[in-house]
Amino acid sequence: MLWVKSFHIVFVASWFAGLFYLPRIFVNLAMVPPESVAERERLLLMARKLMRFTSLLAVPALALGLWLWLGYGIGRGAGNGWMHAKLFVVLLALGYHHTCGVMLGQFSRGANRRGHVWYRWFNEAPVILLVAAVVLVVVKPF
Ligand code: HEM
C-alpha cells in the first residue's frame, strides 16, 4: 500500500506541476503583440505539448488514488467526510484541467478575449486546490 501511496503522491505532484505552468503560458500568450507571430506559435507549441503531458500524468495520479480508496478501502464508509470533500476538490481540479484545454483551443483559434491579469488570477486556483486536498488527506479534519 505504501508503494501505491508513494507513486500516487509522485504523479499528483507532477500533474499539478502542469496545472501550475499551463496558465503561466496563457499569461504570456495574452501579452504577445499581434504582429509577433513566431513568438505566439512558439508559446502555443509549448502549451500543446504541456497539455498533452499534463493529461497523461493525471491518469496514474487518479488511478492510484482510486486504488487506495476502493482497493485498500482507505477513506471508505461512514466517518470519512475528508474523503468526500477531497473527491470534490479532485472534481474541481479536473474541471480546471478541462478549462485549460478549452482556453488553449481559444488561443489556437486567435479567439482569446481575456487579458494577462485575468490569467494571473486564474493561475492561483491550483494552489488553493492542492492545499485543500493535501490538508484534507493528511489532517483528516472531519
Ligand atoms: C480520484 C482521486 C483521488 C483519490 C480517490 C485519492 C485517494 C487517496 C487515498 C485513499 C489516500 C490514502 C490516505 C491515507 O493513507 O490516509 C491518498 C493519499 C494522498 N492523496 Fe490522494 N486521492 C486522489 C487524488 C488526489 C489529489 C488530486 C491530490 C492532491 C492534489 C492527492 C493528494 C494525496 C496525498 C498528499 C496523499 C498522502 C496522504 C498521507 O500520506 O497521509 N490525492 N489519496
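What we have is a predicted model, in which local features need pLDDT of at least 70 and side-chain atom pairs count only at pLDDT 80 or more, while totals for chains, interfaces and linings use all residues. Residues are numbered from 1 along each chain as its sequence is written, and side-chain values use heavy atoms, with hydrogens and water left out.

Let me start with the iron atom of the ligand, whose protein donors are His8, through NE2, and Lys86, through NZ, at 1.8 to 2.1 Å; donors here are N, O and S atoms within 2.8 Å of the metal (3.2 Å for Na, K and Ca), and since water is not among the atoms, sites may look incomplete. The site is octahedral, with angles of 82 to 178° among its six donor atoms, the term requiring that opposite donors of the six be over 155 degrees apart and all others between 65 and 115. The pair links distant parts of the chain, 78 residues apart, with His8 in helix α1 (residues 2-31) and Lys86 in helix α3 (residues 81-108); helices are DSSP runs of H or I with at least four residues, numbered from the N terminus. His8 is buried, at a relative accessible area of 12%, and Lys86 counts as buried at 13%, where buried means under 20% relative accessible area and exposed over 50%, with a 1.4 Å probe and protein chains only.

Turning to helix α5, its buried residues are Pro126, Leu129, Ala133 and Leu136. They cover an arc of only 105° around the axis, which puts them on the same side of α5, the arc being that of the directions from the helix axis to the C-beta atoms. On the other side of α5, Ile128, Val138 and Val139 are exposed.

What do the buried residues of α5 pack against? They pack against α1, α3 and α4 (116-122), contact meaning heavy atoms within 4.5 Å. Leu129, for example, touches Phe16, Val89, Leu92 and Ala93, leaving aside residues up to four places away in sequence.

Finally, the largest nonpolar core has 30 residues, and those with the most contacts inside it are Trp15, Leu22, Phe26, Leu29, Cys100 and Tyr119; such a core is a set of buried Ala, Val, Leu, Ile, Met, Phe, Trp, Tyr and Cys residues joined through side-chain atoms within 4.5 Å. Helices α1, α2 (37-71), α3, α4 and α5 each supply at least two residues of this core.

How values were computed. Tetrahedral: all angles 85-135°; square planar, octahedral: opposite > 155°, others 65-115°.
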